Amino acid sequence: MIEWLQGVLKHSPEILLFLSLAIGFWIGQFQFGKFQFGGVAGSLLVAVVLSLIGVPVDNGVKAILFALFIYAVGFESGPQFFKSLGPQSIKEILLAVFMAVCGLVTVLVMAKIFHLDKGLAAGLAAGGMTQSAIIGTAGDAISRLDLPLAEIQRLQANVAIGYAVTYIFGSLGAIIVCVNILPKFMGKEIHDDALKAQSERLKGAFELAPGQELAMPEIVGRIYKVKQANGQTIAEIEAKEPSITIERLKRKDQFIDVAPELTLQTDDVILLVGRRANVVSVAEQIGSELQSSQGMEMIMDTSDVILRNSKYLNRTLGDIKANTPAYLKHGIYVLAIKRNDETQPLSDDTVLRQGDVVTVYGTKSDLDRLVKEAGKALPESLKTDWIFHGAGLVVGLVIGLFVIRLGDVPLTLGAGGGALLSGLLFGWIRSRNQVHGNMPLAASQLLKDLGLAGFVAAVGLQSGLQAIQTIKESGLSLFMIGVVVTLVPLLLSMLFARYVLRYDNVAVMAGALSGSRSANPAFGAILDKAGNSIPTVPFAITYALANVFLTLLGPLIVGLA
């Protein structure tokens, strides 16, 4: 049966990859008390089981999937990442250093207690801390030892064995600590703290996901039958409150063009649009509200406009509202102002700068007038700009090819680190010039979900069989030592982050903790729990540092074990 399956699947190993995803996400949705594997960990476990069939997935598939995931993560967080660099990043730097030191000490102690040779000790570090680059740096350091060739080859083989046995739990253990243990330790949920941090970053504004809308929208439209406002002009009604406009008028079942000087008559039906508080305030001065009236429906649009007209630059919002002619600002409602992808307060003191993206609401004719006057409307498209993002991925993968040597130690970001750095850079470029580089939220989410879950499934299909066979041959001792190497640095770093570095937000802390261990699957599970990109910035900083610090562990362990 196994031979028949191998014969069928070797021509299409991607079947096992997608089967791991389907079953893994199905398993991942079940909860055991408050514990839940999630789709990423579930896919990893299923892939390990399916690896028993003996049909591996090509390394290129794994590299492509991870590059897509980490690039999309970086692109989403680029603007916030570059803003966060500086003295405020000192906590992330210290956490990454502490994690690397804890990992080194834990491996050396376990090697001493259990009499492990240099190769097994380095393999434990590579697998238990999921830093594959250690295999290369440790193997290179072993090759320089003054030992017989046969002994060097044995030690280098032991690096691979230690890695294979411990890598699976290295990934799974990081998920358990960061997604399950950490929230219980902090007494807070990742999702709740992610929303809290996002609210603080948005300065009270709302960031709605697709399909969501506010129960009490800021801008409303109400229909009124005129009573008290009889004899007043439209301009007089609109002057009663600063953010209301009469968009439509019906008199004796006949629609009349709305003009400022037009006088209202009893029983006229009007459509009043404006900010909710202002509409409610003026309602009693107009007449009775109607639930509906035939023909009074009106479609309103929302548009993002890049501010370019120098006439409106370096002026406060209050100054522009007070000194702009009425015909220009009529029917225009500002919903949000973003600068470098960061929401600015909608206060009269806010100064507008070139390149600010202003989200405005109104009729199509009003918005067209505004765009012509103020700048350029951002094109709305469901298509991803693959000219921009294809170039971004190429740049990232090329960066990953570069190797810098510190003495005999080769340092490289690798494809993952290069794609992350490129994603951050191209995300920042997109925030500066939003005409190019469109990536709809749904497209970004697909890249992250498929990229990460597919990557860990490929790892399970590649390494699972070898790990299971090695455990059968050597018993569970090496595996259990790997469990210690995975958990001890994570738990100590968790305590260090909480009580020394004073991390308070569990979503931010989880991102930093997973990055300092270069735990990509754990980070993906954290993002899934968070529901937004809050954990990404601390992850990006610690992940970049971890790629350097953890890679250095290879030659250090070979020299000290």
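**A colleague's note on the predicted model**

1. The protein chain has 22 helices and 14 strands, taken as DSSP runs numbered from the N terminus (helices H or I, at least four residues; strands E, at least two). This is a predicted model, so local features need pLDDT of at least 70 and side-chain atom pairs count only at pLDDT 80 or more, while totals for chains, interfaces and linings use all residues. Residues are numbered from 1 along each chain as its sequence is written, and side-chain values use heavy atoms, with hydrogens and water left out.

2. On the overall fold: of the 561 residues in the protein chain, 51% are buried (buried is under 20% relative accessible area, exposed over 50%, partly exposed in between; 1.4 Å probe, protein chains only). Among contacts (heavy atoms within 4.5 Å) with a separation of 6 or more, 81% join residues 24 or more positions apart.

3. Do look at the largest nonpolar core, which holds 105 residues; Y71, L182, L513 and I557 touch the most other members. Helix α8 (residues 149-186) gives the most to this core, with 15 residues. The term covers buried Ala, Val, Leu, Ile, Met, Phe, Trp, Tyr and Cys residues joined through side-chain atoms within 4.5 Å. Leaving aside residues up to four places away in sequence, Y71 touches F388, H389, G392, L393, A419, S422, G423, F426 and M439.

4. A nonpolar surface patch also deserves a look. Its members are I90, I93, L94, V97, V101, V105, V109, I113 and F114, with about 720 Å² of accessible area together (Shrake-Rupley method, 1.4 Å probe; for residues, only the protein chains shown count as cover). Patch residues have over 30% relative accessible area and no salt bridge, with nonpolar side chains (Val, Leu, Ile, Met, Phe, Trp, Tyr) joined within 5 Å and like charges within 9 Å. I90 lies in helix α5 (residues 90-113) and is partly exposed, at 44% relative accessibility.

5. Now the charges: there are eleven salt bridges, each a side-chain nitrogen of Lys or Arg within 4 Å of a carboxyl oxygen of Asp or Glu. One joins R275 and E218 at 3.2 Å, N to O. This pair links distant parts of the chain, with R275 in strand β6 (residues 269-275) and E218 in the loop between α9 (190-201) and β3 (219-226), 57 residues apart. R275 is buried at 17%, whereas E218 is partly exposed at 38%.

6. R222 and E289 form another salt bridge, their closest N and O atoms 3.7 Å apart. Finally, K188, D193 and D504 are linked in a network of salt bridges.
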